Structure formats: structure tokens, C-alpha cells
Amino acid sequence: MKRIVVNGTFDILHIGHLRLLNYARSIVNSYVYVLIDSDLRVRKLKGEHRPVNNEYERASLLHALRSVDRVDVFETDDELREYIRRFQPDLMIKGSDYRGQNIIGQEYCQNIEFFDRLERYSTT
């Protein structure tokens, strides 16, 4: 089985999120693990009025998708790194806007692939 990890906020789920997750699922024999930012972390990173949907709602929506096998919530960089270390993914998929940036947990991923972001779709 191909272990795939994706992480992000996933606040106000949109077609860009769906395409990324469906792409992950389309990889033969894949298990898709999604890690989402906690509400506290989102507020620190994106401001007091975020997230629009709380972590329970975001995790529930993601878990209901056929393309997602498991969802966990993380609060810190270290916690994200530990989830990734324990999962030992074959592949991490990130949005293309992360190309050339430091990616948390990349040292535990066999491969990192960048998914082209749909410019019209962003919660921000």
C-alpha cells in the first residue's frame, strides 16, 4: 500500500482541496492521511476570525470524503513532524505554492510531489 500524507487547514472545503485529495486517491493502492491545523494554530497563523469551520467540522467533512482514509489534528510544528514520522509516508503531496520552501516533516517522506494550485480557489 502506498502511504500518502497531505496537510493543511482545509477551512471552507473547495474544489481545489477536492482535486488535490482525489489526485492522492487516484494513485494506485493508496492510503490517504490528512493532517489539519488545530483551531488554535489557525488563529495564530491566519487571524482571530479564522477558522470559519472548527477543527471538528473540518475533520468530519474531510473524513466523509471517499478520497480520505484518516484525519488527525495537530497544534505545533513538532506535533505535525511526529505524526509524519510515525506514518512514514511514501509520498507527501503539497500545493505548488510550497515549492522551494521548507516543508515540515519532509525528512520522513520518501518523495514530495507538488500539486498545481487552482488560482481561483483559496479560502484566504
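## Aromatic pairs

Tyr23 counts as partly exposed, because its relative accessibility is 28%, where partly exposed covers the range between buried (under 20% relative accessible area) and exposed (over 50%), taken with a 1.4 Å probe and protein chains only. The model is a predicted one, in which local features need pLDDT of at least 70 and side-chain atom pairs count only at pLDDT 80 or more, while totals for chains, interfaces and linings use all residues. Residues are numbered from 1 along each chain as its sequence is written, and side-chain values use heavy atoms, with hydrogens and water left out.

Rings of Phe, Tyr and Trp (its six-membered ring) are paired if their centres lie within 6.5 Å, and the pair is called stacked with planes under 30 degrees apart, edge-to-face over 60 and tilted for the rest; by this rule there are three aromatic pairs. One of them is the tilted pair of Tyr23 and Phe115, with 5.5 Å centre to centre and 40 degrees between the planes. This pair links distant parts of the chain, since Tyr23 belongs to helix α1 and Phe115 to strand β5 (residues 111–115), 92 residues apart; helices (H or I, at least four residues) and strands (E, at least two) are DSSP runs numbered from the N terminus. Phe115 counts as buried, because its relative accessibility is 18%.

Tyr31 and Phe87 also form a tilted pair, 6.1 Å centre to centre and with 40 degrees between the planes. Tyr31 lies in strand β2 and Phe87 in helix α4 (residues 77–87), so this pair ties together parts that are 56 residues apart in sequence. Tyr31 is partly exposed at 25% relative accessibility, whereas Phe87 is buried at 13%. Together with Tyr33, these two residues, Tyr31 and Phe87, form one aromatic cluster.

## Helix α4

The buried residues of α4 are Leu80, Tyr83, Ile84 and Phe87. They lie on the same side of α4, because they cover an arc of only 95 degrees around the axis, the arc being that of the directions from the helix axis to the C-beta atoms. On the other side of α4, Asp78 and Arg86 are exposed.

The cover over the buried residues of α4 includes β1 (2–8), β2, β3 and β4 (91–95), with contact meaning heavy atoms within 4.5 Å. Just after α4, Gln88 takes a positive phi of about 50 degrees.

## Helix α3

In helix α3 (residues 55–63), the buried residues are Arg58, Ala59 and Leu62. These residues, too, are on the same side of their helix, because they cover an arc of only 95 degrees around the axis of α3. What covers them includes α1 (15–26), β2 (30–37), α2 (39–46) and β3 (70–74). At the start of α3, a side-chain oxygen of Asn54 reaches to within 2.9 Å of the backbone nitrogen of Tyr56.

## Backbone in the loops

Most residues other than glycine have a negative phi, and most peptide bonds are trans. Arg50 and Pro51, however, are joined by a cis peptide bond with omega of about -5 degrees, and Pro51 is found in the loop between α2 and α3.

Phe10, in the loop between β1 and α1, has a positive phi near 55 degrees, and this residue is buried, with a relative accessible area of 8%. Asn29, in the loop between α1 and β2, has a positive phi of about 60 degrees although it is not a glycine, and Asn29 is partly exposed, with a relative accessible area of 46%.

Terms used
Polar contact = N/O pair within 3.5 Å; in protein donor to acceptor, adjacent residues only side chain to side chain.
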